[in-house]
Structure formats: C-alpha cells, structure tokens
Amino acid sequence: VDIKKLVKKNILNITPYIAGKPIEETKREMGLKAVIKLASNENPLGPSPEAAQAVRNSVLTMNRYPDSNSFYLKRKIASGLELNAANIVLGNGSDELIDIIIRTFVEDDENIVTADITFLEYEIISAVYGRRVKKVPLTDFKYNLRAIRKNIDRKTKLVFMANPNNPTGTYVNKCGLEEFLRGLPGHVILVLDEAYDTFIDTRDYPRGLEYITKNNIIVLKTFSKAYGLAGLRIGYAVAKTGFTKYMEKVRQPFNVNLLAQEAAKAALDDNSFLRRTRKTILEGKKYLYRSLEQMKLRYVPSVTNFILIDVGKGSLGVFKDMLKLGVIIRDMRQYGLSNFIRVTVGTPKENRKFIAALKKVL
Ligand code: PMP
C-alpha cells in the first residue's frame with residue numbers, strides 16, 4: 001500500500017515549523033566548544049532565579065499529576081490583571097493556545113486571516129486542521145489593517161495578529177488597533193498575540209487587555225521570553241468567560257505540567273529579574289543598532305528582543321558561515337525573506353560576538 005494514502009490529505013503538504021538550531025547540536029556538528037544561540041528570542045540571562053528555585057523546591061512532588069485547573073497560578077495571574085481566574089486559560093506554551101483556539105472556534109468551512117509575514121504557527125496549525133488561511137501582505141514590514149479588514153468575509157472566524165510582530169519586531173499602534181476594532185464584524189474573533197509585550201518602550205502601544213470586555217478579543221501571553229521559561233512550556237490566554245469556558249473544554253486536562261505551574265507562579269513575583277531583562281534588551285539593542293549602522297546594514301527598528309536585518313545576500317549562506325563561528329541565528333528563507341536574518345538580542349558579550357562574526361562573514 002501507498003502509505004501516503006493513509007494520511008489525511010491536508011497533512012501531506014504541510015511544511016513543518018523549523019525551530020532554532022539547538023546549542024548542543026551545533027557544538028557536536030561543528031566541533032566547537034563555545035556556541036551562542038541568538039535564534040529563538042529566548043532570555044539570554046537564563047530563567048528567572050525565583051522560578052528556578054521554585055522548580056528545585058517542587059521536583060520531588062513530580063510523581064503527582066499537576067493541578068488540572070492550575071488554581072493558584074490562575075488566581076495569581078488574574079489578580080495581577082484585576083480579572084478573575086475564569087478569564088485565564090493556561091497552555092503548554094502559547095503555541096498550544098493557538099491550537100486550542102482554532103479547535104474551539106473554527107468550523108470546517110470557516111477561514112482564518114493573518115499577515116504575510118508573521119509567526120508561522122498560525123498558518124501551520126490552521127493547516128493541520130484543514131482550515132483555510134488568508135495571508136495579507138505587510139506594508140513597510142507592518143500589519144496592514146485596512147487590507148486585513150478587506151479580506152474578512154462572512155466565513156472568517158479568526159484574525160491572528162502578533163503585536164508586536166515576529167519576525168519583523170514592528171507593532172500596530174493604539175489608533176490603528178482601535179480603528180480596526182470599530183470595523184470588525186461581530187462574527188470575528190481577534191487573537192492578539194502579545195508574546196513580546198514586555199520589551200515595548202513606546203507610548204502608543206495598545207495593551208490588548210484593555211479591550212477584552214468590549215470586543216471579541218483573546219489575548220495571548222507567554223512565560224517563554226521575558227521570564228526565561230521557554231523550556232518549561234507555559235503561556236496563557238485572557239478573554240471574556242464566554243470564550244474561555246469553551247476553550248477549557250477543548251484543552252487536555254494536564255496540558256500544563258507541575259514544574260511549569262510552580263515556576264510561573266514564582267516568576268510573576270520576580271520583578272528584579274524582569275527589570276534586569278528589560279535593561280539588557282534595551283541596551284543591547286542600542287549597541288546592535290549602532291554596530292549595524294556602522295556596517296551600513298539595513299535593519300527594521302524593533303520594539304522586541306530581536307532584530308530583522310537585511311544582509312544583502314543569501315541568508316542561508318550567512319547562517320551557515322555564522323554557525324562555523326559558533327553563532328546561531330535565524331535565516332529568514334522560510335518566511336520568504338531570503339536576504340534577511342533575524343537575531344535575538346543577547347548579553348553584551350554575545351552581542352559583541354555576533355557583530356564580530358557578522359563582520360567576518362559579510
Ligand atoms: N507567538 C509569537 C509571536 C512567538 O514569536 C512565539 C515564540 N516563538 C510564540 C507565540 C510561542 O511562544 P511559546 O509557545 O513559547 O509560549
């Protein structure tokens with residue numbers, strides 16, 4: 001038998017998500033001792049120390065199932081946001097929440113609208129469920145909200161908007177979002193993915209939480225970036241209970257593991273780590289901007305912890321040459337930006353190593 005005939009048709013043509021290359025793998029393949037990874041927008045300072053301690057303290061309880069309702073964590077997140085626990089749905093990273101949202105809301109014949117270029121998981125997970133995705137080109141590396149509005153039809157159920165956007169580092173401002181919301185039909189839910197909101201340093205950024213009571217909005221947050229917990233896999237959605245109660249039915253009962261719950265609870269109190277992280281990113285970004293300007297390289301100004309850079313030649317070659325020098329970055333071919341790389345802001349030492357390597361390679 002042709003095995004392919006046993007696989008669902010919509011799965012056959014999916015291009016899988018390409019994750020950042022792991023440090024250990026690069027050391028092994030390149031025979032290098034010192035490798036830095038600036039490829040997945042992780043926190044370069046490590047995990048929140050409070051979170052790390054909480055994990056150590058709870059390791060010996062992992063023979064037990066996690067609390068299926070994450071009672072304490074939900075309560076803590078909710079009280080910080082002046083909402084109720086029932087407004088929070090936790091996920092195995094915000095990736096899983098994207099999956100839960102599509103399964104909860106989108107019928108077979110309904111479609112999803114997002115940008116082209118944005119976080120690839122919106123499209124990939126939609127494809128897994130055989131849902132049609134309309135991708136609306138960016139203008140000037142930004143979401144084009146008017147064009148997105150024009151692509152919404154009677155069968156559109158979800159709009160995915162990464163704000164700020166990955167991989168461009170740009171954002172939709174308050175005016176733009178509010179105008180978009182005024183024109184958004186009642187049968188459409190806007191998913192505002194705020195994975196990088198902690199790094200914002202501009203005043204006109206719209207905080208999605210301010211809009212969730214009046215609008216059909218689900219806000220996504222993650223502990224992977226600012227809190228340094230990418231490896232534990234935990235994120236959450238915030239929305240009216242009208243939405244969250246159905247998402248709760250769809251999620252697996254133990255989707256968020258016990259150590260992640262403990263770590264996230266502790267991380268929420270670790271304000272000094274958050275301050276240190278923000279400072280590292282904002283200062284590192286200034287250094288990187290200055291260096292790129294000296295090298296006469298074009299980049300997209302970013303409100304996040306990563307920068308999209310036009311290297312003026314094939315990014316796969318640049319990626320491979322950088323690997324040989326022990327620097328893992330992201331080549332942007334999968335996003336259709338074949339002359340661009342994306343680099344995550346690291347520690348000062350990592351940023352210097354990146355710039356030195358990039359100079360050599362170019
Ligand atoms: N949304 C965006 C825009 C992202 O860039 C990422 C991480 N690459 C995620 C969601 C997923 O984050 P996580 O699953 O680690 O919470």
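## Ground rules

Helices (H or I, at least four residues) and strands (E, at least two) are DSSP runs here, numbered from the N terminus. The model is predicted, with local features needing pLDDT of at least 70 and side-chain atom pairs pLDDT 80 or more, while totals for chains, interfaces and linings use all residues. Residues are numbered from 1 along each chain as its sequence is written, and side-chain values use heavy atoms, with hydrogens and water left out.

## The seven-stranded sheet

Let's start with the bigger picture. Seven strands make up an open sheet with mixed pairing, where two strands pair if DSSP finds at least two bridges between them. Reading across, the order is β2-β8-β7-β6-β5-β3-β4. Because β2 (88-91) and β4 (132-137) each have a single partner strand, they sit at the edges, and one side of each is left without a neighbour in the sheet. From one strand to the next, the twist averages 25 degrees (axes are lines fitted to C-alpha atoms, for helices over the stretch in contact; angles run from 0 to 180 degrees between N-to-C directions).

Inside this sheet, β5 (residues 156-162) and β6 (residues 189-193) run parallel and are joined by five bridges. One of the bridge pairs is A162 with D193, the latter in β6. Helix α5 (residues 93-105) lies across β2, β3 (111-116), β5, β6, β7 (217-222) and β8 (235-238). Against β7, the helix runs at about 155 degrees.

## Around the ligand

Which residues are around the ligand? The list runs G93, S94, D95, F119, N166, D193, A195, Y196, T222, S224, K225 and R233, each with a heavy atom within 4 Å of the molecule. D193 turns up here as well as in the bridge with A162.

T222 puts a polar side-chain atom 2.6 Å from a ligand oxygen. For S224, a side-chain N or O atom is 2.6 Å from an oxygen of the ligand. R233 has a polar side-chain atom 2.7 Å from a ligand oxygen. On its own the ligand exposes 400 Å², and the protein buries 93% of that (Shrake-Rupley areas with a 1.4 Å probe; for residues, only the protein chains shown count as cover).

N87 sits in the loop between α4 (71-81) and β2. Is N87 buried or exposed? With a relative accessible area of 9%, N87 is buried (under 20% is buried, over 50% exposed, partly exposed in between, with a 1.4 Å probe and protein chains only). A polar atom of the N87 side chain lies 2.9 Å from the backbone oxygen of A239. Setting aside neighbours within four places in sequence, N87 is in contact with A237, V238, A239, K240, T241 and T244, contact meaning heavy atoms within 4.5 Å.

P164 belongs to the loop between β5 and α8 (174-182), and P164 is buried too, at 1% relative accessibility. Not counting residues up to four places away in sequence, P164 touches T170, Y171, D193, Y196, D197, I200, Y205, V303 and T304. F141, in the loop between β4 and α7 (145-151), touches T168, T170, R298, V300, L308 and F340, leaving out residues up to four places away.

## The four-stranded sheet

There's also an open antiparallel sheet of four strands, ordered β9-β10-β13-β12. Its edge strands, β9 (298-300) and β12, each pair on one side only. Strand β10 (residues 306-310) is joined to β13 by five bridges, with I307 partnered to V343 and I309 to I341. On the β12 (residues 330-331) side, two bridges link to β13, again antiparallel, and one of the pairs is R330 with R342.

How many residues of β13 (residues 340-344) are buried? Five of its five. F340, R342 and T344 point one way from β13, with I341 and V343 pointing the other way. F340 is also a contact of F141.

Terms used. A polar contact is a pair of N or O atoms within 3.5 Å; within protein, one must be able to donate a hydrogen and the other to accept it, and residues adjacent in sequence count only if both atoms are side-chain atoms.
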